[in-house]
Amino acid sequence: MIEQTSSVRMKGVGDSLWVTVLPDSPVERIQEDLAKLFDPLRHMAHATRVVLDTGTPDSDDRYRQIHTYLKNTYQLKEIVAPKEKAKHEEKRFKMKNSDNTIAKHSRDTLVLAGRVRSGQSVSARKHLIIMGDVNPGCDLTAGGDILVLGSLLGTAAAGQPNNDEAIILALDFRPLQVKIGNVVAAGLPAKGQGMTEFAHLEDGAIVVESYLSANPFKRMPWPVVR
């Protein structure tokens with residue numbers, strides 16, 4: 001069973017209902033869509049276990065708001081966060097070099113799998129990775145880098161609002177428009193389908209190059225956290 005609205009996706013997994021909400025949807029819209037999905041299930045709510053995936057830790061206000069709404073409205077048997085996601089959110093990734101140790105929360109990077117369709121917008125506080133295609137009419141926004149492991153055919157704005165070091169990379173780089181920091185470029189010349197290219201700032205202008213040929217990070221003596 002899979003049920004879906006504009007902001008909520010619900011499917012049966014084992015003995016539970018897995019409820020996933022889109023990361024940028026307003027809580028009010030989510031509650032309206034949850035009502036559409038759960039109202040027909042009121043007769044069995046007391047025996048229903050729900051795995052609630054909001055894309056945020058279970059200590060986050062957004063998670064708590066939605067959790068409280070479901071609990072108070074439908075008297076569900078149990079509402080839990082995804083175990084793997086909860087563990088993942090608690091991990092800190094450390095990288096050591098001769099000078100210091102850098103720790104970073106995994107939620108600094110938003111990773112999505114699947115096609116982003118026309119009319120949809122995706123934003124990330126820092127880096128954004130899309131494992132799939134981005135259709136024309138889609139808007140991607142990130143505070144850091146944007147990596148598309150597929151075709152980029154929509155618009156992408158990286159380094160928002162003022163990170164001039166950000167890049168936009170796609171395995172098939174054919175965007176309608178890109179923006180890095182405050183610099184915008186549209187009508188970029190297409191070098192052909194299936195070209196792995198990236199956009200970056202150089203002397204105040206956006207430049208698009210072959211990623212493999214330019215190999216922009218090859219001169220770094222050791223890995224650094226972006």
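Student: What percentage of the 226 residues in the chain do buried residues make up?

Tutor: Buried means under 20% relative accessible area with a 1.4 Å probe and protein chains only, and buried residues make up 38% of the 226 residues here. This is a predicted model, in which local features need pLDDT of at least 70 and side-chain atom pairs count only at pLDDT 80 or more, while totals for chains, interfaces and linings use all residues. Residues are numbered from 1 along each chain as its sequence is written, and side-chain values use heavy atoms, with hydrogens and water left out.

Student: Which residues of the largest nonpolar core touch the most other members?

Tutor: A nonpolar core is a set of buried Ala, Val, Leu, Ile, Met, Phe, Trp, Tyr and Cys residues joined through side-chain atoms within 4.5 Å. In this chain the largest such core has 24 residues, and those touching the most other members are Leu 128, Val 134, Leu 140, Ile 146, Val 148, Leu 152 and Ile 168. A second, separate core of 22 residues includes Leu 17, Tyr 63, Tyr 74 and Ile 79.

Student: What is Leu 152 in contact with, leaving aside its neighbours within four places in sequence?

Tutor: Contact means heavy atoms within 4.5 Å, and on that basis Leu 152 meets Val 134, Leu 140, Ile 168, Ala 170, Asp 172, Phe 173, Arg 174 and Pro 175. Across the chain, residues 24 or more positions apart account for 30% of the contacts with a separation of 6 or more.

Student: How many helices and strands does the chain have?

Tutor: Helices (H or I, at least four residues) and strands (E, at least two) are DSSP runs, numbered from the N terminus, and the chain has 4 helices and 18 strands.

Technical notes: Buried < 20%, exposed > 50% of the residue type's maximum accessible area, 1.4 Å probe, protein only.
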